[in-house]
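Here is a friendly briefing to read alongside the coordinates. Take a look at the model first, and then go through the topics below.

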Amino acid sequence: MLGAIVGDVLGSIREFRPVKTKDFELLNSDCIFTDDTVMTVAVADSLMNGTPYIESLQMWGNSYPTAGYGGMFSKWLASEFPEPYNSFGNGSAMRSSSIGWLFDDQDSVLKEAEKSAEITHNHPEGIKGAQSVALGVMLGRQGNTKKEIKELLENLFEYDLSQSLDEIRPSYSHDVSCQGSVPQAIISFLESEDFEDAIRNAISLGGDADTQACIAGALAEGYYKGIPVQIEEFVLNKMTPDIFAVINQFKNKIRIVLN
């Protein structure tokens with residue numbers, strides 16, 4: 001989960017100032033957390049403390065009303081009786097990473113990821129986005145190879161993960177749909193050499209940088225079994241006390257699960 005938050009923070013200043021290179025300042029003082037972090041925390045909080053997804057997402061979202069939500073999701077946050085709105089935006093994918101840590105088999109991960117998505121993103125592509133990220137996290141932390149992760153995600157979700165970043169990057173632009181951003185974020189992880197490289201890969205596409213780095217970071221944390229200390233400390237210093245508390249609770253929960 002922290003890998004997703006790290007990606008969000010480090011990609012935050014590049015969402016509307018895109019770069020097409022991996023050579024940029026990573027730990028920029030202007031970096032902030034966005035809606036990706038808030039919703040990632042909301043899902044994790046729901047899972048750990050038994051709060052229904054709708055209640056948790058609305059509580060956290062309304063606590064951070066200026067975090068950068070899309071128009072339809074903002075209306076959902078404000079609704080007294082929130083209903084899904086058939087979205088296939090990548091908001092479902094960026095928030096699902098904790099599921100890949102807290103559930104240990106494919107069927108459970110897929111079912112829980114669908115539940116986390118369908119309260120808003122009940123379009124098939126929105127559900128696929130959430131499932132692919134959560135499952136990729138689980139597969140990585142359980143020791144599967146990148147080849148195994150790639151093949152399973154391609155087979156289950158019909159994503160084309162065969163392109164290289166060098167092929168994608170020149171013509172790629174800002175795309176907030178699951179089908180137009182999640183596969184590219186997965187490839188950013190698959191091509192990476194380490195955690196930092198995965199983040200740089202995703203941002204270098206020049207697209208929806210914070211969300212794609214969020215997804216790539218989530219996958220990279222599971223696969224590489226951690227985050228460089230300097231990067232983690234930089235990002236944790238950007239967190240508010242309530243978000244920091246959930247991150248700590250999650251870390252403690254993961255230790256129990258892994259032991």
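Helices (H or I, at least four residues) and strands (E, at least two) are DSSP runs, numbered from the N terminus. G89 sits in the loop between α4 and α5. This is a predicted model, in which local features need pLDDT of at least 70 and side-chain atom pairs count only at pLDDT 80 or more, while totals for chains, interfaces and linings use all residues. Residues are numbered from 1 along each chain as its sequence is written, and side-chain values use heavy atoms, with hydrogens and water left out.

**Around G89**

- G89 has a relative accessible area of 16% and is therefore buried (buried means under 20% relative accessible area, exposed over 50%, partly exposed in between, with a 1.4 Å probe and protein chains only).
- Leaving aside neighbours within four places in sequence, G89 is in contact (heavy atoms within 4.5 Å) with H121, V176, S177 and C178.
- The C-alpha atoms of G89 and H123 are separated by 9.0 Å, and these residues are 34 apart along the chain.

**Cysteines**

- A search of the whole structure finds 0 disulfides, a disulfide being a pair of cysteine sulfur atoms within 2.5 Å.
- For C178, the closest cysteine sulfur is in C214, 12 Å away, which is too far for a bond.
- C214 is likewise in no disulfide, its nearest cysteine sulfur being that of C178 at 12 Å.
- C178 counts as buried because its relative accessibility is 0%.
- C214 also has 0% relative accessibility, so it counts as buried.

**Helix α7**

- Helix α7 covers residues 106–118, and its 13 residues should span 18 Å at 1.5 Å a residue; the end C-alpha atoms are 18 Å apart, which agrees (the expected span is 1.5 Å times one less than the number of residues).
- The buried residues in α7 are V109, L110, E112, A113, S116 and A117.
- Among the elements that cover these buried residues are α2 (35–49), α3 (53–63), α8 (124–141) and α9 (146–157).
- D105 caps the N-terminal end of α7, with a side-chain oxygen 3.3 Å from the backbone nitrogen of D107.

**Largest pocket**

- The largest pocket has a volume of about 590 Å³.
- This pocket is lined by 31 residues, and the closest to its centre are D35, D36, G68, Y69 and G70.
- α2, α4 (71–78), α5 and α13 (209–224) each supply at least two residues of the lining.
- A pocket here is an open set of points on a 1 Å grid over the protein atoms alone, where a 1.4 Å probe fits, with protein on both sides within 12 Å along at least five of seven lines; lining residues have an atom within 4 Å of a point.
- Grid points are joined across faces, edges and corners, and the volume is the space filled by probe spheres set on them.

Note on methods
A polar contact is a pair of N or O atoms within 3.5 Å; within protein, one must be able to donate a hydrogen and the other to accept it, and residues adjacent in sequence count only if both atoms are side-chain atoms.
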